[in-house]
Amino acid sequence: MTAGGPRRATLAFIFTSVALDVLALGVMIPVLPKLVVELTGGETAHAAEIYGLFATLWAVMQFLAQPLLGALSDRIGRRPVILAANVGLALDYVLMALAPSVGWLFVGRAISGFFAGGGAAAQAYIADVTPPEKRARGYGLVGAAFGLGFVLGPALGGLLGSVDPRLPFWTAAALGFANFLFGVFVLPESLPRERRTPVFEWRRANPIAAFAFLGATTGLGSLALAHFLQKLAHVALPATFVLYAHHRYGWDDLRVGAALAAVGLVSAIAQGALVGPARARLGERGLAVLGFTVGAASFLLSGLAAEELFFALAIPLMGLWSLAAPAVTGLASQRVAADAQGRLQGALGGLGGVAGIVGPGLFTLAFARGIDGSLGLEIPGIAFFASAAMLLAAAFVVARRVQSASSAGMR
């Protein structure tokens with residue numbers, strides 16, 4: 001597994017797997033709200049409330065599933081967890097394609113959120129097959145795959161949805177099954193039996209225990225805090241960007257979609273091409289601080305931009321912000337042993353679930369207060385200002401409280 005050829009092959013699978021997973025998820029984005037409207041009898045306001053509950057349910061399932069599946073992969077290996085997640089998501093898309101009611105869609109979103117927790121095992125796989133000094137680049141490739149799938153998925157979903165609103169779900173199912181079969185024939189196990197945890201313990205696989213693990217492990221607490229702050233800051237985009245762009249610039253759906261696609265494309269390029277060279281020059285800690293600082297600047301510029309031209313200038317900076325995530329994950333992975341990589345990634349994923357639970361309400365409320373006059377003046381960019389403050393705090397935490405792997409004497 002340490003040879004260059006096998007490592008490249010397995011990283012290629014993880015890249016393809018993540019890209020297909022996100023592509024399958026993305027194709028549903030343009031049509032799921034419309035399907036909810038259809039199943040609620042055309043009541044848009046009620047459908048919007050239900051759609052918001054979908055997002056919360058998905059985040060709750062991530063909060064529960066990531067620590068569980070990450071810890072499970074430490075016991076039984078990464079391969080079975082990754083493959084089970086792939087086939088579980090594929091079956092879920094079939095369920096959603098056939099869903100006769102909103103209740104069935106709720107079941108589908110719960111299942112989807114649970115099996116998406118298999119991403120913890122995929123992240124741990126990177127640590128298994130990549131030397132510590134190259135993990136940031138490996139995680140950058142995973143981020144690039146995510147960005148690529150996010151760019152292509154909604155565009156494909158919109159095209160397919162114009163033919164039939166349920167066709168994107170069938171397409172997502174086909175992609176999921178293809179991904180599963182690809183893994184069955186291509187993906188080897190990355191965690192040898194002698195490096196696995198001897199037993200699986202439920203008391204160590206719940207979210208509370210996972211967070212306690214982060215706090216009790218030397219050097220992980222500050223990294224976990226920075227990770228949570230960046231995850232929470234990111235929620236401002238899906239929660240308020242559409243509302244903000246409509247309110248401030250009068251953008252239609254096409255322009256909003258193009259802007260989000262541009263962010264995803266820049267992120268994919270940055271993580272795929274820049275993480276390795278930047279890490280070699282700055283180290284993981286320097287790369288994380290740079291990414292967080294650039295991200296804070298992008299949100300600050302976005303919130304201040306009274307004209308859409310200035311907002312457009314912030315898009316490349318938003319993409320460069322993505323350099324921070326693989327650096328933080330790489331630093332964290334160097335602080336735990338091989339048999340705890342799944343537990344680590346599950347715990348970090350659980351923090352992302354917490355951000356997904358509290359973030360939408362926090363940022364939409366901030367946006368509403370920013371434009372309703374209750375603050376004494378109109379501040380439409382207040383949610384973005386809050387995100388900028390969070391990223392600056394994350395940069396400060398990493399710069400002042402996190403040692404580099406070499407100076408800390410990590411694995």
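Predicted model: local features only at pLDDT ≥ 70, side-chain atom pairs only at ≥ 80, totals over all residues.
Biologist: Why is the contact between Arg-369 and Asp-372 called a salt bridge?

Modeller: The cut-off is 4 Å between a side-chain nitrogen of Lys or Arg and a carboxyl oxygen of Asp or Glu. Arg-369 and Asp-372 have N and O 3.2 Å apart. That is within 4 Å, so the pair counts as a salt bridge.

Biologist: Why can such side chains pair at all?

Modeller: Side chains of opposite charge can pair when their charged atoms come close.

Biologist: Is Arg-369 buried, exposed or partly exposed?

Modeller: Arg-369 has a relative accessibility of 39%. Buried needs under 20%, and exposed needs over 50%. The value lies in between, so Arg-369 is partly exposed. Asp-372 is partly exposed too, with a relative accessible area of 43%.

Biologist: How many salt bridges are there by this rule?

Modeller: The count comes to five. One of them joins Asp-128 and Arg-78, with the closest N and O atoms 2.7 Å apart. Asp-128 is in helix α6 and Arg-78 is in helix α4, 50 residues apart, so the pair links distant parts of the chain.

Biologist: Are Asp-128 and Arg-78 buried or exposed?

Modeller: Both are buried.

Biologist: Which residues are linked in a network of salt bridges?

Modeller: Asp-74, Arg-78 and Asp-128 are linked in this way.

Biologist: What makes Arg-279 and Glu-284 a salt bridge?

Modeller: Their N-to-O distance is 3.2 Å. The limit is 4 Å, so the pair qualifies.

Biologist: Why is α13 called roughly antiparallel to α17?

Modeller: The axes of α13 (residues 253–304) and α17 (residues 382–401) come within 8 Å and cross at roughly 165°. Angles over 145 degrees count as roughly antiparallel, so α13 is roughly antiparallel to α17. Their crossing is left-handed.

Biologist: What makes α4 and α8 roughly antiparallel?

Modeller: The axes of α4 (residues 78–98) and α8 come within 8 Å and cross at roughly 160°. The cut-off is over 145 degrees, so α4 is roughly antiparallel to α8. The crossing of α4 past α8 is left-handed.

Biologist: How do you know that Leu-83 is buried?

Modeller: Leu-83 is found in helix α4. Its relative accessibility is 8%. The limit for buried is under 20%, so Leu-83 counts as buried.

Biologist: Where is Val-186, and what makes it partly exposed?

Modeller: Val-186 is in helix α8 (residues 167–186). Its relative accessible area is 38%. That lies between 20% and 50%, so Val-186 is partly exposed.

Biologist: Which residues form a nonpolar patch on the surface?

Modeller: Leu-181, Phe-182, Val-184, Phe-185 and Val-186 form it, with about 460 Å² of accessible area together.

Biologist: Why is Ser-374 called partly exposed?

Modeller: Ser-374 lies in the loop between α16 and α17. Its relative accessible area is 48%. Exposed needs over 50%, and buried needs under 20%, so Ser-374 is partly exposed.

How values were computed
Residues numbered from 1 in each chain as written. Heavy atoms only, no water. Patch = residues over 30% accessible without salt bridge, like charges linked within 9 Å, V, L, I, M, F, W, Y side chains within 5 Å. Areas by Shrake-Rupley, 256 points an atom, 1.4 Å probe, with all protein chains shown as cover. Helix = DSSP H or I, 4+ residues; strand = E, 2+ residues; numbered from the N terminus. Buried < 20%, exposed > 50% of the residue type's maximum accessible area, 1.4 Å probe, protein only. Axes fitted to C-alpha atoms, helices over the stretch in contact; angles between N-to-C directions. Parallel < 35°, antiparallel > 145°, perpendicular 65-115°, else oblique. Left-handed = near helix turned anticlockwise from the far one by under 90°.
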